[in-house]
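Please consult the sequence and the model shown here before reading on.

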Amino acid sequence: MLGGAGLLLAAAPAQAAEVAYKTECIPPSISGLPPVEGTTKVEITAPAEAKVGDEVEVVWKTTQAASNNPDVLDLDKDTVKPTGTVKVGGAQTADLAVEGERSNPPIKKNSPMVLSDMKGKIKLTAPGEVTLTPDKYNINVSKPISTDTKCSPKETVKPGATIKVTDGGGATTGGLPTGLPTGLPTGLPTGLPTGLPTGSASATPTGGSSGSSGGDTSGSGGGQSDFTGKEVQIPYKCKTPIGDKDATSPVQINAKKDGGNYGLTVQFKKSVMDSPADIPADSVKPSMEVKLGGADKGTVHVEGPTNKEAIKSGAPINIPDLTGTYKPGADGKSTLSPGVLTVKALGTTTTCTPSKTEVSLEIDTAAQPGGAAGGSGSGSAGGSDTSGGLAETGSSNDGILRALGLVAGTVILLGGAVFTFLPKRRARLR
């Protein structure tokens, strides 16, 4: 009976008082938003008493996060996962990792964040009073892509709970720690890049015999089959999911003759950034309408494959070559220029329209049945060739990601979704 009473006493949880502390939360650097300061309120629950050698569960309940979800994006159900650290002090010291489930109701813009309880276990190693103090924590949002917001105390935090630990004979003092807590931290953030590369990568035209942008672009050379366009600087005006954005990118159009048709390859030549966050496989799909001029009229649809592998935060983002088939609709010298660019990524669409364009390639053409002359380009120009002929080369050159709006659109949409991103001037929304 006495033993049973002792077990019951050890299992009785301590009803800890709420602990409040000033907190600074850092949004991903790609968002361009400043750090946010707010107040975090936490309740720590653990057994009131236990013995040396016991492994006890510690529960962190967030009763108030540092800020509301800002007015950028509604968060879907079960997309938010918290992880954190509880400082263990007193008779033994350690950093205890705690982790919550990815479980939350839908969270509207400008609404309080709802975080699941975080839990962890620690093995008690010395008699005395063991204090449990909430410390830093991280919020991961999984959609539309994974990103993290890191929050840390900006003042000394008071303990949220205390466990009275006995050595089995009733003693509660003396002794040194003889072990470390079991379990290792899981799911902690690995950080986001803090800058963008400033260099550029060169490109080798696919199928080009000269291998340079200064090759013959007239198409007048005898039995020539490979035509290398010149690199042209194209200013784009992009409609992103969160607003308009201007960008300029060097673009090159190359062609390979196949009978009376031409296989086109469009390359974006400049490297502009590393990935600001983890991007899943098969989530980014670019395409373009190449503009025809000179003897011919209409457009030619070219597109690239989606990213075959997930892209880790900090790794280069490569836009593959955009390919398609041009079926001429007129005799004479026809010109090809970069046209409207579209990027679909994670349920969003960004459309970039050239504010002015420039001819990249001029070739001699002969009209083919069903060719492009006078057409809108959707079918008369041959559309995209997805069944053969042109390889999906996966160019090593990074695309016009700034223009595509992946920075200004998809990624910032995600970054803004993380709950701590309210600028200081909007803190009154809390």
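The S-S bond of Cys25 and Cys151 has a torsion of about 115°, so this disulfide is right-handed. Cys25 belongs to strand E2 and Cys151 to strand E10, so the pair ties together parts that are 126 residues apart in sequence. The model is predicted, and it holds 2 disulfides together with 3 aromatic pairs.

**Disulfides**

- The sulfur atoms of Cys25 and Cys151 lie 2.2 Å apart, and both cysteines are buried.
- Another disulfide connects Cys238 with Cys352, at an S to S distance of 2.1 Å.
- For Cys238 and Cys352 the torsion about the S-S bond is about 115°, so this disulfide is right-handed.
- Cys238 is located in strand E13 (residues 232-240) and Cys352 in strand E21 (residues 348-354), so that distant parts of the chain, 114 residues apart, are linked.
- Cys238 has a relative accessible area of 1% and is buried; Cys352 is buried as well, at 0%.
- Counting bonded cysteines along the chain, the disulfides follow the pattern 1-2, 3-4.

**Strand pairing around E10**

- Strands E2 (residues 19-26) and E10 (residues 147-153) run antiparallel and are joined by 4 bridges.
- Within this pairing, Ile26 has Lys150 in E10 as its bridge partner.
- E10 also pairs with E9, in the antiparallel sense and over 5 bridges.
- E9 and E10 form a hairpin, with 5 residues between them.
- Tyr137 stands opposite Cys151 of E10, and Cys151 is the residue bonded to Cys25.

**Aromatic contacts**

- The ring centres of Trp60 and Tyr137 are 5.8 Å apart and the ring planes meet at 70°, so the pair is edge-to-face.
- Trp60 sits in strand E5 (residues 55-64) and Tyr137 in strand E9 (residues 128-141), so the pair ties together parts that are 77 residues apart in sequence.
- Trp60 counts as buried because its relative accessibility is 0%, and Tyr137 counts as buried at 3%.
- One aromatic cluster is formed by Phe227, Tyr262 and Tyr326.

- His301 is part of strand E17 (residues 299-303).
- With a relative accessible area of 18%, His301 is buried, the cut-off being under 20%.
- The side chain of His301 makes a polar contact of 2.6 Å with the side chain of Glu289.
- A polar contact of 3.0 Å joins the side chains of His301 and Glu303.

Conventions. Residues numbered from 1 in each chain as written. Predicted model: local features only at pLDDT ≥ 70, side-chain atom pairs only at ≥ 80, totals over all residues. Heavy atoms only, no water. Phe/Tyr/Trp six-rings, centres within 6.5 Å; stacked < 30°, edge-to-face > 60°. Helix = DSSP H or I, 4+ residues; strand = E, 2+ residues; numbered from the N terminus. Buried < 20%, exposed > 50% of the residue type's maximum accessible area, 1.4 Å probe, protein only. Polar contact = N/O pair within 3.5 Å; in protein donor to acceptor, adjacent residues only side chain to side chain. Pairing = 2+ DSSP bridges. Disulfide = S-S within 2.5 Å.
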